[in-house]
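Reader: I'd like to go through this model with you. Can we take the chain contacts, then some single residues?

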Amino acid sequence: MHINYWTELKRNKFGRIGLIMVSILVLVALAAPFLAPHNPWVYQGQPLTPPSEEYILGLNDIGQDILSELIYGTRTTLLVGVSVAVFSTLISLALALAAALGGRIVDRIILRLIDIMLILPVFLIAILVAIYFKPGVVTIIIMLTLLLWPPGARILRAQTLSLKERQHLTAASSFGAGKGYIVYRHLIPDLYPLLTVNLIQMVRRTVFMEAGLAFLGIFDPTQKSWGLMIHYASEFIFTGAWKWWLLPPGLLISYTIIGFALIGYALESSLDPRLRRNIHYVGH
Amino acid sequence: MLDINNLKVTFDTRMGEVNVLNQVSLKIAPGERVGIIGESGSGKTTLALSIMGLVQGQVQGSIKYRGEELLDKREEDWEKIRSKKISMVFQNTGEMLNPVYTLLDQVMEPYLKVNPGKKKEAFNRASNLLKKVGLREDHFYAYPFTLSGGEVQRGLIAMALINDPELLILDEPTSALDALTRAELIRLLDEIAQNKTILVISHDLSTVIKLTRRTAVLYAGSIMETGPTESLLREPKHPYSRALVRAYPTRTTVKDLQGIRGEFPSLVEPPSGCPFHPRCTQALEKCSQEKPCLVEAEEGALACHRGGIITLLRGENLVRRFPRQGKEGKEIYFNAVDGAGVTLKEGEILALVGESGSGKTTLAHILAGINQPTEGKVYFQDREIYSLKGREKKDLRRRLQILFQNPQEAVSHRMMVHDLVEEPLEIQGIGDKETRVQGVKEALGLVGLPGDSFFLHKYPHELSGGELQRVTIARALVMKPKVLIADEPSASLDASVQAKMLKLLMHLQNEQGFALFLITHDLALAGKVGDRVAVMFLGKIVEEGPTSEVFRFPLHPYTELLLDMAPSLEREVPSLRRTVKLKEEEGKGCPYYAHCPYSTELCSREEPPLKEKGFQRVACHRAAALEKKNNNNSYYKEIKKVL
Amino acid sequence: MKRRYLDYILALVVILSLNFFLPRLMPGDPLTAIYGDALLDMSPELQAQLAERYGLEGTLGEQFITYVTNLLRGDLGYSYYFGAPVTEVILEALPWTLLLVGSSLLISTFIGVLIGIESGWRHGGRLDSFLIVAVMFLNGIPSFFMGILLLLFLSFQLHLFPLSGAVTPFSGYTGMALVMDILRHLFLPCLALTLVQIPRNFLLMRNSMIGVIRTPYILTAQGKGLKERVIQYRHAARGALLPIITRLGMSIGLLFTGVLFIETVFAYPGTGYIFYLALGKHDFPMVQGTLFFITLFVLAANFLTDVISAKIDPRLREHAYQLLDRT
């Protein structure tokens, strides 16, 4: 079916809210230098200073401005989330296409690979690898990309294989279309909806993973990351500092995940014919 | 007896020189019955008049009668030939008899000319003849304007016979007569022809087939094909002959009529090369440059650069094996298509009939080049299609198109009408953006859809089932294919839309001149559309032949069953002539054995091969028995007696 | 199923290889990579002894064989932080983790499935809409943050539950009192883990239900004049439950990941907590050993559910996959 995703999203209440939530995040990330009142890497004053007019959320244990840390943390979260989502989706797509076009043996190998990867507890392996690689932003992007592609690949492969059997592809090849044409003009466009959903879900999962790793302290300590903030703050959990130091990054993580989840849910329900009661077509 | 050689007849008119006959050669042996068929304007009558020495215009070439050159004869010589040796019954156009003399007087006149004064003899002979042609005495003295068309025609025949000529030329002897009179006249002429040589000129094929044994097809002054009348009319070799036959309605025609595409050519400025090439579906460049000679072929002669209607698509011994889950998860194989062979000729409609599961769709996909057969070969114009590579393969895709069963699935729902129809052109890299848009609009126009921007920008789900099917037809036709394979194109549509769709397909087939391979489970429908019909059962072709033959005389019990079960509006519930019995040994014998009411022990042992039987081919040991049964059918006996 | 065995063997090989190669391929002294900071406190003799124990002098192949033989003997190395063999420490902590994971698995599956049935049966309805929103929010909270929130509000602010540990130290509780003490300590971690798990089960069950109620056999059941509840539970839910079983293995994997965080937050003395402690102290043998152990556990759980779902009638299994694939 031809659906305009943008319209679908805007029509869907959840989708609308999710879009607004995510847009705000993106704006904050882009405008971080202008929004942040202080340089979050610079010592501002007495560590663990409670909130004041100057430091709205106080200072952390090494005297950095917590609000500015939060604002810069948005950048890390989105950068990691979006990069991993894009790269892992690309891997998934490449494998799915290879499985569909490469013949039975290639497909079997790819399916096997996906199945094995799906059995493995991804997060535990991420921790294991991360311990040795002391990850910065780039390493964590590479690592999570390599670990997170399998679920997407499974769905995309199944979909690509079923698309391949569709008659309009047979029709195209009966007009003399080659594999390249079929991939670019039919398979990939037909996969767009699924790719979009996968991308959104991947951002959500990555944010989860990144926050978890940082919470365990497995992240470059010079980076500004919400998970890392919680990691440090949790050592001071029984002082009053948790109210302005621990809660805000936690809530922001939830905010981000929920924002993307809302978009994902809206997209999925517009894709699932069972859940789509009022189909809004465009093209008139 | 009569030997016409390179006869050329031209007329000078205000518009210029008109070429009515062009290098016409025809031999007629004593006692032979020859027919000449063709559209009006093809020069039939001029040919007859030339033989009679009555033609107005420049005549070149030669017409020899018993070795004598007729064209050298002077008027006084002719008087000794006409009526006495060669006589002609002119086409009755209304005033062939002089209104001021009685019929008898006019019939006697030629006799008296030859035998002056022998009035008594003349009277006896004339009244005998008039009685013989079925006129009563009160007609003898009637003035022509009081007679009916049939009575005048009889009179004309009597007049032509009065001097007992050797050669009788009948020009449209049955035109403008009602069916009963015509039947009577044909019987009369048939009787007369017993001891005469006759040349019948007619556009009425049913008259020609009954009166003649050999026929020549005349088109725009040229003979296109000659051959035994029956096989020429049942299986014409020349595209024009087939077009002529296709346009002619008979009682046994089941198929809808199709006219001949294009217009009859101007005789003032005749087309260069083969006169038929502008209307021909298989014309090559050569056809427009060089006139083909009449070349002797088996049983006749043919004037066609391409050697007659060519075979476009041919599948031989096709087998397609599929794995299937067997007992205990074992993989077993079954043959969806099991040794089927199909030939599709240029510009024809072949209907493939069979119940669901008989392998029709698989066969269609094999022939369309999208499902490689496990065994067997598919040839498109003598090139094996699955071994084609690169450019040639791409070219094949252009000329061979398939319409899928369900239009909903055959289109991408992401694409708009314009993109859908344009897609084949884009893939093939034909034309630039602008010419492609033009092509899309033309293709849509062909199938009766608007080409405006509003429609071009519609999505498939915004179209009705019929519209969408038309779009897929337009998409298939946009590359002007030579072959269109249509897999139950109307199965998903309701009856009223289905009728329109098939009419459209037939119309397009005729106008665009592609060959249509139509797959359907509905025999009634196949009969309406197909020139030929093939019946498929369990992956095999069990019977094949011209639609009219197969419908009248089904030779395979399965065809008979399908015919009985074909939709009808009769209230009676048809009795299913179908048995269920077990074969002694699975995998041997006739595949239809289990259901066959006529089967014998031989059928359970040996698989019948596909054998020629008249114009049909049938794979049945018991075909002879079925044929006999058909012949005994009282209904057909009745019909035969009337004719 | 044979193919599945192969998958597991290959997965195991992947994990073994990661565990083996990662420390050895790091630049610098492999012993440092294996032992981390603990090495600094060791005498050269001890270091040499350790190097020998790991066969670090030999080729990579020989090292691998040593590595695998050690594993087969249950030898995961020695933890300097805990002052005991890694296996011993893990086995001591394991019961707590199993208690936590087990209880939470039961509860979260039960609740998730139950509300999933209700939600899916009347999807688009008021309850469904509410649950979807609620679950969406719940799903947005990472497990560690969930733990922290519960800890801060219920224990720290309201003093309803103990702040940390699995039992009250030195209390000398026995019998019923001990059980109550354990349950009191278990409650919050279990709640946190359960809350984190519910969304997944809920969404799975809801989608599965939506798939089922579109099937004709529900129409047949309605045609029989059955009560709605009967149709909902006896006919629809039963079919819809199959996919949950086939996906149980994955749930267990996620649970073990979640428990790592929850135990850390609540200082609950299970494997996750000792992992966190060891991580903080750079006690690499302990870290690696724990991860390896949990990974094995998850693999085993996955394998078990695979075996179970293979026992389900293949036609039913096919049906289950179809239900999920439609989502």
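Predicted model: local features only at pLDDT ≥ 70, side-chain atom pairs only at ≥ 80, totals over all residues.

Reader: Fine. Which chains share the most contacts?

Author: Chains A and C do, of the two pairs of chains in contact.

Reader: And how far apart are the closest C-alpha atoms of chain B and chain C?

Author: They lie 12 Å apart. No contact joins chain B and chain C.

Reader: Back to A and C. How many residues does the contact take from each?

Author: It takes 45 residues from chain A and 61 residues from chain C.

Reader: What area is buried there?

Author: About 4800 Å² is buried between chain A and chain C. Carbon and sulfur atoms give 77% of that area.

Reader: Why quote an area at all?

Author: The size of an interface is often given as the accessible area lost when the parts come together.

Reader: OK. How many salt bridges between chain A and chain C?

Author: The count is one salt bridge. In that contact, the side chain of C:Asp7 meets that of A:Arg112, at 2.6 Å from N to O.

Reader: How many residue pairs are in polar contact between chain A and chain C?

Author: Three, with both residues at pLDDT 80 or more.

Reader: Which elements of chain A give two or more residues to the side that touches chain C?

Author: Helices H5 (103–119), H6 (122–133), H9 (179–215), H10 (226–233) and H11 (242–271) of chain A. H11(A) gives the most, with twelve residues.

Reader: What classes of residue are on that side of chain A?

Author: The side of chain A that touches chain C has 33 nonpolar residues, four polar ones and eight charged ones.

Reader: New topic. Where does A:His186 lie?

Author: A:His186 lies in helix H9 of chain A.

Reader: Buried or exposed?

Author: A:His186 is buried, with a relative accessible area of 0%.

Reader: What does the side chain of A:His186 make a polar contact with?

Author: With the side chain of B:Glu423, at 2.3 Å.

Reader: B:Arg414. Which side chain does it meet in a salt bridge?

Author: That of A:Asp190, at 2.4 Å from N to O. A:Asp190 lies in helix H9 of chain A, and B:Arg414 is in the loop between helix H14 (407–410) and helix H15 (417–428) of chain B, so the pair joins two chains.

Reader: How accessible are the two partners?

Author: A:Asp190 counts as buried, at 15% relative accessibility. B:Arg414 is partly exposed, at 23%.

Reader: How many salt bridges does the structure hold over all chains?

Author: The structure holds 40. Take B:Arg314 and B:Asp382, whose side chains meet at 3.2 Å from N to O. That pair links distant parts of the chain, 68 residues apart. B:Arg314 is in strand E13 (residues 311–325) of chain B, and B:Asp382 is in the loop between strand E16 (375–380) and strand E17 (383–384).

Reader: Which residues do salt bridges with shared partners join into one network?

Author: B:Glu230, B:Arg234, B:Glu549 and B:Arg552.

Reader: Now B:Gly227. Where is it found?

Author: B:Gly227 is found in strand E10 (residues 222–228) of chain B. B:Gly227 is buried, at 4% relative accessible area.

Reader: What does B:Gly227 touch?

Author: Not counting residues up to four places away in sequence, B:Gly227 touches B:Arg213, B:Arg214, B:Thr215, B:Leu232, B:Glu299 and B:Gly300.

Reader: Last one. How many residues does helix H18 of chain B have, and how far does the helix reach?

Author: Helix H18 (residues 465–477) of chain B has 13 residues. H18(B) reaches 18 Å from its first C-alpha to its last, close to the 18 Å expected.

Reader: Is H18(B) mostly covered or mostly uncovered?

Author: H18(B) is mostly covered, with eleven of its 13 residues buried. Among them are B:Gly466, B:Leu468 and B:Leu477.

Methods:
Residues numbered from 1 in each chain as written. Chains lettered and ligands numbered in written order. Heavy atoms only, no water. Helix = DSSP H or I, 4+ residues; strand = E, 2+ residues; numbered from the N terminus. Expected span 1.5 Å × (residues − 1). Buried < 20%, exposed > 50% of the residue type's maximum accessible area, 1.4 Å probe, protein only. Contact = heavy atoms within 4.5 Å. Buried area = accessible area lost by both parts, 1.4 Å probe. Salt bridge = Lys/Arg side-chain N within 4 Å of Asp/Glu carboxyl O. Polar contact = N/O pair within 3.5 Å; in protein donor to acceptor, adjacent residues only side chain to side chain. Nonpolar A, V, L, I, M, F, W, Y, C, P; charged D, E, K, R; others polar.
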